[in-house]
Amino acid sequence: MSELLKFSPSPHIHTSRTTPGAMAHVLIALVPAVFCALYFFGLPALWVLLVSISTCVATEWLITKYMLRRPLSINDYSAVLTGVLLALNLPSNLPLWMVAVGAVIAIGIAKMAFGGLGCNIFNPALVGRVFLFISFSAAMSTWPLPDAGFGDADGATGATILSLVKMGQSTAEFTPQDMILGNMGGSMGEVSAVAILIGLVYLLVTKVVSWHIPGAILLGLAFIDIMAGYPVGIDIVSGGFLLGAVFMATDYVTSPMTKRGMLFYGFMIGVITASIRRWGIYPEGMSFAILIMNGATPLINRHMRPSRFSPRQRKEVAV
């Protein structure tokens, strides 16, 4: 019997695709966003990226080898992916020791403390980001302006579009082209809508993700923005909306398994994000919204699971 049945944690992908293969596809999809981060923010962005990735990999290696004492899992690329996503959620001028702390929290607390890949409840990269935001609010709220070149950043900082909106100030200094291409201040991965959308197309074509979660998030955001009389387009291309909708909320482990569950999960992320942006104290709400719905995922899976039998099969069983 032990040779016939194999028990393993999620994600359970019923295809020939492996977990390392799925992670590799996501990493490939992130290449345009990483390139834009390096182009706009220069060498400081590269250092943040390298420190985040190396610390995530080292933390998982140490915990797996010396604490859990089981075969190493760093070859599945999940730690690398967490490092990239965490870096893209941070400002490029964040002190590197803070980056390392966030990476340790992301892997050590949010992932390995639950048992490793497939057992974590919350998205590790977002846990690391929120921890840093709560612990070092000033550093996590100082946004460098784009340097537009692979050189040392000049250290100039400025407010993001969402911050200006929250303070009731004009955003006229940012043109639609600036917003779409990413010529504006913000975290490393939230500045280029085009780069993230290119990654989304790649993920959809390779069938790594489906449209259900990103589409439902967009619908939920638009629902609240329309009710509040706020331009939906600005909300989409500013802040971490696209990065979260495409790469964070679609995480296999922490998102629902059924399409109906995905639609509800995504819609609520959009609603919560827009609600925090419009009426909350923080200008951004994507990270909090995804983590809240991560916590609700087990409940969604329980109550929105597919019927065990089709209607015809239920009729036959009743007879």
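# Reading a predicted helical chain

Modeller: Let's start with the contact pattern: among contacts between residues at least 6 apart in sequence, 74% join residues at least 24 apart. Keep in mind that this is a predicted model.

Colleague: Thanks! How many helices and strands does the chain have?

Modeller: The secondary structure comes to 16 helices and zero strands. Of the 319 residues of the chain, 49% count as buried.

Colleague: As the model is predicted, what is the mean pLDDT of the chain, and which elements have the lowest and the highest?

Modeller: The chain has a mean pLDDT of 84, and 82% of its residues reach 70 or more. Among the elements, α5 has the highest mean, 96, while helix α16 (residues 311–318) has the lowest, 46. Over residues 313–319 pLDDT stays under 50, and the model has two contacts beyond four places in sequence for that stretch.

Colleague: Now to charges. How many salt bridges does a search of the whole structure find?

Modeller: The general idea first: side chains of opposite charge can pair when their charged atoms come close. In this structure the search finds five salt bridges. One of them joins R277 and D235, with the closest N and O atoms 3.0 Å apart. This pair links distant parts of the chain, since R277 sits in helix α14 (residues 259–279) and D235 in helix α12 (residues 232–237), 42 residues apart.

Colleague: Helix α14 carries R277. At what angle do α11 and α14 pack?

Modeller: For a helix pair, look at the angle, the axis distance and the handedness. Helix α11 (residues 212–228) packs with α14 at an angle of about 35°, and the axes are 6 Å apart. Their crossing is right-handed. The residues of this contact divide into 16 nonpolar, six polar and three charged.

Colleague: Can we look at one residue of α14 in detail? Which residues does S275 touch?

Modeller: S275 is found in helix α14. Not counting residues up to four places away in sequence, S275 touches I224 and G280. S275 and I224 are 51 residues apart in sequence, yet their C-alpha atoms are 6.8 Å apart in space. With a relative accessible area of 23%, S275 is partly exposed.

Colleague: Why is helix α13 described as largely enclosed by the rest of the structure?

Modeller: Count the buried residues along the helix. In α13 (residues 241–248), eight of the eight residues are buried, so the helix is largely enclosed by the rest of the structure. Its buried residues include F241, L243, F247 and M248.

Colleague: Which residues does N89 contact, leaving aside its neighbours within four places in sequence?

Modeller: N89 is in contact with L126, R129, M140, S187, L243 and M248. N89 itself lies in the loop between α4 and α5 (96–109), and it counts as buried because its relative accessibility is 8%.

Colleague: Last topic, backbone torsions. What are the phi values of R69 and Y77?

Modeller: Phi of R69 is near 50°, a positive value in a residue other than glycine. For Y77, phi is near 70°, again positive in a residue other than glycine. R69 is found in the loop between α3 (43–68) and α4 (78–88), and Y77 lies in the loop between α3 and α4 too.

Colleague: How do R69 and Y77 count by relative accessibility?

Modeller: R69, at 66% relative accessibility, counts as exposed. Y77, at 38%, counts as partly exposed.

Definitions and conventions. Residues are numbered from 1 along each chain as its sequence is written. This is a predicted model: local features need pLDDT of at least 70, side-chain atom pairs count only at pLDDT 80 or more; totals for chains, interfaces and linings use all residues. Side-chain values use heavy atoms; hydrogens and water are left out. A salt bridge is a side-chain nitrogen of Lys or Arg within 4 Å of a carboxyl oxygen of Asp or Glu. Helices (H or I, at least four residues) and strands (E, at least two) are DSSP runs, numbered from the N terminus. Buried means under 20% relative accessible area, exposed over 50%, partly exposed in between (1.4 Å probe, protein chains only). Axes are lines fitted to C-alpha atoms, for helices over the stretch in contact, and angles run from 0 to 180 degrees between N-to-C directions. A crossing is left-handed if the near helix is turned anticlockwise from the far one by less than a right angle, and right-handed if clockwise. Ala, Val, Leu, Ile, Met, Phe, Trp, Tyr, Cys and Pro count as nonpolar, Asp, Glu, Lys and Arg as charged, and the others, Gly among them, as polar. Contact means heavy atoms within 4.5 Å. pLDDT is the predictor's confidence in each residue, from 0 to 100.
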